[in-house]
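Student: Could you walk me through this one, a bit at a time?

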Amino acid sequence: MRDLRELLPDYLLGQLSSEETHEVEAWLEASPEARAELKSLESTLFALPEELAPVNPPPRTWGEVRKRLHAKPLGRPRLLWVGGIAAAFLVLAGWGIFSFAGYRALQAEQARVAYWLALPADWRLLKNAKGEGIGSMIWTEDGGCLIVMRDPPPAGKVYQAWGTQKGRKVSLGTFRGRVYETSFLGFDRMGVSLEPLGGNPQPTEPLGSIPIRG
Amino acid sequence: MIWTAKGDETALEELYRRFSPRVYALLLRMLGAREEAEEVLQDTFVQIFREAKRYQPERAGVAAFVFTIARNLALSRLRSRAARPQKDENRDLHDPEQELGFWQETDREGRVLVQRALASLSPEERQLLEESFYWGYSHPELAERHHLPLGTVKTKVRRALLKLREFLSGAQVPEGGE
């Protein structure tokens with residue numbers, strides 16, 4: 001049996017496979033010593049920037065920060081949504097460093113969103129029945145689909161992705177985080193529902209869906 | 001941080017005063033471009049202000065919180081680029097515009113200690129750890145860049161971090177490093 005302690009540095013650097021990550025996170029959940037070890041390694045890793053000679057930023061920068069704190073949102077809704085999701089992930093990924101259980105998952109989500117943000121793709125807002133934005137879908141020309149939910153599912157629940165083909169709903173898998181990669185090829189509608197762990201053969205609590213390319 | 005979480009801009013300004021020179025240095029190192037580093041610096045402090053309520057002091061220090069947000073924002077920029085910047089040892093840090101800044105270094109000893117800790121690593125270990133931390137290279141990317149077996153890269157990065165910790169914790173502090 002391998003020593004999971006050896007995987008902690010790679011866990012911190014976001015270098016583990018998802019299987020290894022789950023293994024490490026289960027260990028962290030169960031072991032206070034493991035959590036202490038992780039915290040100690042975190043401190044070391046984030047001491048690295050201390051090696052650099054500090055550099056004063058241009059004086060205008062603080063003024064720009066203040067302006068942005070008071071700025072009203074401008075721009076197209078879609079871009080704001082994209083920006084909002086990206087910012088939320090980045091910050092949460094930042095915060096994730098302190099939450100061992102979510103750290104790697106958040107980092108992986110962040111990397112995935114960052115990658116998809118750089119692709120030429122079509123963005124659609126996923127709304128609930130009240131018309132509130134609950135997530136977004138990114139569709140690429142080759143049929144790729146990234147589902148990004150605003151919030152993680154509540155405890156004891158998972159999100160389940162669905163494709164609709166001539167009225168027939170096909171499960172595309174469940175996910176516990178907020179980001180899920182799938183494909184929209186062959187479907188005329190893509191949707192997300194909230195389900196118990198393990199998912200359901202048919203959606204029991206549909207959250208929202210989007211027709212494919214209008 | 002607590003006051004920042006309550007929306008106190010003066011508290012954020014204090015955080016900015018304390019951390020911006022170090023965060024800016026980190027961003028310059030990661031991004032290699034002043035304009036982009038400045039943008040991400042702004043992003044960092046705007047996000048800190050908006051998300052400060054998530055900060056939990058019992059879990060980690062303020063510095064780690066700030067650096068983590070800055071690093072993740074910068075890594076996101078790097079990932080959307082085709083290439084990472086190269087380390088520029090000759091960068092002129094004495095831009096006349098920057099001379100007007102209000103910061104002065106108060107923790108030179110801390111910086112020297114980390115520099116010495118890094119000097120205790122082999123050049124290869126140091127390079128691999130820094131490229132992983134600053135530029136977000138994955139192990140396979142590092143293996144390709146350095147023409148090393150993947151297993152060797154993993155071992156060296158891991159060992160580098162552990163050696164660094166050992167040095168910084170004072171367990172074995174060699175004079176002057178390697």
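Student: Before we start, which pLDDT do local features need here?
Tutor: Residues are numbered from 1 along each chain as its sequence is written, while chains are lettered from A and ligands numbered from 1 in the order in which they are written. This is a predicted model, with totals for chains, interfaces and linings using all residues, side-chain atom pairs counting only at pLDDT 80 or more, and local features needing pLDDT of at least 70.

Student: Let's take chain B. How many helices and strands does its secondary structure come to?
Tutor: Helices (H or I, at least four residues) and strands (E, at least two) are DSSP runs, numbered from the N terminus. Along the sequence, chain B reads α-α-α-α-α-α-α-α. The count is 8 helices and 0 strands.

Student: What percentage of the residues in chain B is buried?
Tutor: Buried takes 20 or more other C-beta atoms within 10 Å of a residue's own, exposed takes 12 or fewer, and partly exposed is in between, with C-beta atoms placed from the backbone. Chain B has 178 residues, and the buried share of them is 40%.

Student: And among contacts in chain B between residues at least 6 apart in sequence, what percentage joins residues at least 24 apart?
Tutor: A contact means that two C-beta atoms, placed from the backbone, lie within 7 Å. Of the chain B contacts between residues at least 6 apart, those joining residues at least 24 apart make up 68%.

Student: At what angle do the axes of α6 and α8 of chain B cross?
Tutor: Two packed helices are described by the distance between their axes and the angle between them. Axes are lines fitted to C-alpha atoms, for helices over the stretch in contact, and angles run from 0 to 180 degrees between N-to-C directions. For α6 (residues 123-135) and α8 (residues 150-168) of chain B, the axes come within 8 Å and the crossing angle is roughly 90°.

Student: Is T152(B) buried, exposed or partly exposed?
Tutor: T152(B) sits in helix α8 of chain B. There are 15 C-beta neighbours inside 10 Å, so T152(B) counts as partly exposed.

Student: Over to chain A: why do the buried residues of α4(A) line one face of the helix?
Tutor: In α4 (residues 60-70) of chain A, the buried residues are T61(A), W62(A) and V65(A). The arc is that of the directions from the helix axis to the C-beta atoms. Seen down the axis of α4(A), the buried residues line one face because they fall within an arc of 100°.

Student: Which exposed residues does the face turned away from the buried side of α4(A) carry?
Tutor: The buried residues of α4(A) pack against α2 (9-31) and α3 (34-51) of chain B. The face turned away from them carries G63(A), K67(A) and H70(A).

Student: What is T61(A) in contact with, leaving aside its neighbours within four places in sequence?
Tutor: T61(A) is buried, with 20 other C-beta atoms within 10 Å. Leaving those sequence neighbours aside, its contacts are E38(B), L41(B) and Q42(B).

Student: Which residue in the turn of the β4(A) and β5(A) hairpin has a positive phi?
Tutor: The hairpin has 2 residues between its strands. With a phi of about 50°, the residue is K166(A).

Note on methods
Two strands pair if DSSP finds at least two bridges between them.
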